[in-house]
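Open the model in your viewer and keep the selection tool at hand.

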Amino acid sequence: AFGLVADIQFADAEDGHDFGGCRRRYYRHSLRLLREAVRAWAGERPPIDFVLQLGDSIDGQNARRGEAESALQQVLDVLGQLSVPVHHAWGNHELYNFSRARLVRSGLYSRPAAGSDGPADRECHAYHCSPAPRLRLVVLDAYDVSALGADPGSPRHQEALRVLREKNPNEDLNNPEGLKEPQFVAFNGGFSQAQLEWFDEVLKFSDENQEKVIVTAHVPIHPCASNGVCLAWNYEAALSVVHAHRCVVCVLAGHLHDGAYCQDPHGVHHLTVEGLIETPPGSNAFATVHVYEDRMVLKGRGRIPDRVMHF
């Protein structure tokens, strides 16, 4: 069993709104909701084995307020009350607040310090582990290719900007208006070829060892588990790796605060988890997931509905 939460986006700030100005965001309250989730997970019987935090743990406005470090510490302190590992995906809001080099040295770097469990590039926050026999968790870095978080003069930044400008002629690179491929906005990102090749090798190993694999990333990789905009730049490349193997049973993502779900024609479940940040007082948005040989049973709280996903 494991805990599941997405898009906490904590800031010690008054309530505000999304970029469109129409969705209310409860910045300060999100930390209270996270405390509720941690208390619930700590009381689970049988106990949970780990927690997945699907990215955007703190809000981008912390950078402008000079409060990025303190906001992150508050979130990590709450999660640190758990006696189980927390696996962190990196989202766009982490990269609004910190450089990749800084995130590597932060509590959000849950990739193991040594070994061959991730790509050669240590700043790529992708890795895999086996939390139970014949079960593998793969954490992907959906901002491995991104205009965010990299030094403006670096090859990583220059290549991401080239891809983005080629696909998005709008003056505001966060604006998807008029785009044939609306996922090409700056608040999304993509997977490098090196990460995709590594991912393919991990899934080959799991196929050979008859493992079930849960994949997680901040950004959805299936258009039916998205609104068409909140989607990884090269989602098709990631999906083709998933579909080349038998082992993947589920892909978990955040980023789209409304949440979404589909089961694709290959039988893979794609679950996009509702965001904590847009959850009003009196409700919540977290889940506990129980994994069995033939299914995953999700017990949601508040905005997140219960769900059974058969393999």
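Select P220, I221, H222, A225, V251, A253, H270, L271 and T272: these residues line the largest cavity. This is a predicted model; local features need pLDDT of at least 70, side-chain atom pairs count only at pLDDT 80 or more, and totals for chains, interfaces and linings use all residues. Residues are numbered from 1 along each chain as its sequence is written, and side-chain values use heavy atoms, with hydrogens and water left out.

A cavity, on a 1 Å grid over the protein atoms alone, is a set of points where a 1.4 Å probe fits but cannot get out; lining residues have an atom within 4 Å of a point. The largest cavity holds about 40 Å³. Volume here is the space filled by probe spheres set on the points, which are joined across faces, edges and corners. The search of the whole structure finds 1 cavity of 30 Å³ or more.

Now colour β9 (248-253) and β11 (269-272). Each supplies at least two residues of the cavity lining. β11 gives the most, with 3 residues. Strands are DSSP runs of E, at least two residues; helices are runs of H or I, at least four; both are numbered from the N terminus.

Colour the lining by class. The cavity has 6 nonpolar, 3 polar and no charged residues. Ala, Val, Leu, Ile, Met, Phe, Trp, Tyr, Cys and Pro count as nonpolar, Asp, Glu, Lys and Arg as charged, and the others, Gly among them, as polar.

Next, go to the largest pocket, with a volume of about 430 Å³. Select D18, R25, F187, C230 and H255, the closest to its centre of the 18 residues that line it. A pocket is an open set of points with protein on both sides within 12 Å along at least five of seven lines. Its lining divides into 5 nonpolar, 7 polar and 6 charged residues.

Move on to P305, in the loop between β13 (295-302) and β14 (307-310). P305 is partly exposed, at 39% relative accessible area. The cut-offs, with a 1.4 Å probe and protein chains only: buried is under 20%, exposed is over 50%, partly exposed is in between. Show E274, L298 and G300, which P305 touches, not counting residues up to four places away in sequence. Contact means heavy atoms within 4.5 Å.

Finally, zoom out. The protein has 8 helices and 14 strands. Of its 311 residues, 59% count as buried.
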